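Work through the exercises below with the sequence and the 3D view open beside you, and try each task before you read its solution.

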Amino acid sequence: MDDLDASLRFYRDGLGLATKGIVGAEFEFGAVAFFDLQANLKLALYPRKSLSKDSGLPPAKPGAPDFSIGHNVSSRAEVDHVMEQARGAGAAIVKPARDTFWGGYAGYFRDPDGHLWEVAWNPHWASPD
């Protein structure tokens, strides 16, 4: 991402994910924001240049759909709720939620940095905790 402050606002204020905010800003290439997803699972957001410096890989192009982040929820209504919450926070809806070929219900959005998210309800899986 190119604007860590904007990403922090999207995930914290828009999607309501718990965070202590940006930490490590006192170090060159050290700024990062961690978001609690569940026990022992965090989403870590680094500026593109910082992640490139730390990993040794060239910076990725913004919005390249190399992968999607899956957010599984417990109902069709919850899919619609999360999609609307994301839209309200500034996400671009890529594919509105709809019935899937595998019997579920899902939609896609891109966060302000272009990362692709799928919000899905799968009737064949146990409800997430």
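The exercises that follow concern aromatic rings and the nonpolar core in a predicted model.

**Exercise 1.** Decide how the rings of F109 and W117 are arranged: stacked or edge-to-face?

*Solution.* Begin with the total, which comes to four aromatic pairs. Turn next to F109 and W117, whose ring centres are 5.9 Å apart and whose planes stand at 5 degrees. Planes under 30 degrees apart count as stacked, so the pair of F109 and W117 is stacked.

**Exercise 2.** Determine whether F109 and W117 are buried or exposed.

*Solution.* The cut-off for buried is a relative accessible area under 20%. F109 has a relative accessible area of 1% and is therefore buried, while W117, at 7% relative accessibility, also counts as buried. F10 and Y11 are both buried as well.

**Exercise 3.** Find out which residues touch the most other members of the largest nonpolar core.

*Solution.* Start from the ring pairs, which link F10, Y11, F35, F109 and W117 into a cluster. In the largest nonpolar core, which has 21 residues, those touching the most other members are Y11, F35, L45, F109 and V119. The elements that each supply at least two residues of this core include helix 1 (4–14), helix 3 (76–89) and strand 6 (105–110). Finally, look at F109 itself: beyond its neighbours within four places in sequence, its contacts include F10, M83, I93, W117 and V119.

Note on methods: Residues are numbered from 1 along each chain as its sequence is written. This is a predicted model: local features need pLDDT of at least 70, side-chain atom pairs count only at pLDDT 80 or more; totals for chains, interfaces and linings use all residues. Side-chain values use heavy atoms; hydrogens and water are left out. Rings of Phe, Tyr and Trp (its six-membered ring) pair if their centres lie within 6.5 Å; planes under 30 degrees apart count as stacked, over 60 as edge-to-face and the rest as tilted. Buried means under 20% relative accessible area, exposed over 50%, partly exposed in between (1.4 Å probe, protein chains only). A nonpolar core is a set of buried Ala, Val, Leu, Ile, Met, Phe, Trp, Tyr and Cys residues joined through side-chain atoms within 4.5 Å. Helices (H or I, at least four residues) and strands (E, at least two) are DSSP runs, numbered from the N terminus. Contact means heavy atoms within 4.5 Å.
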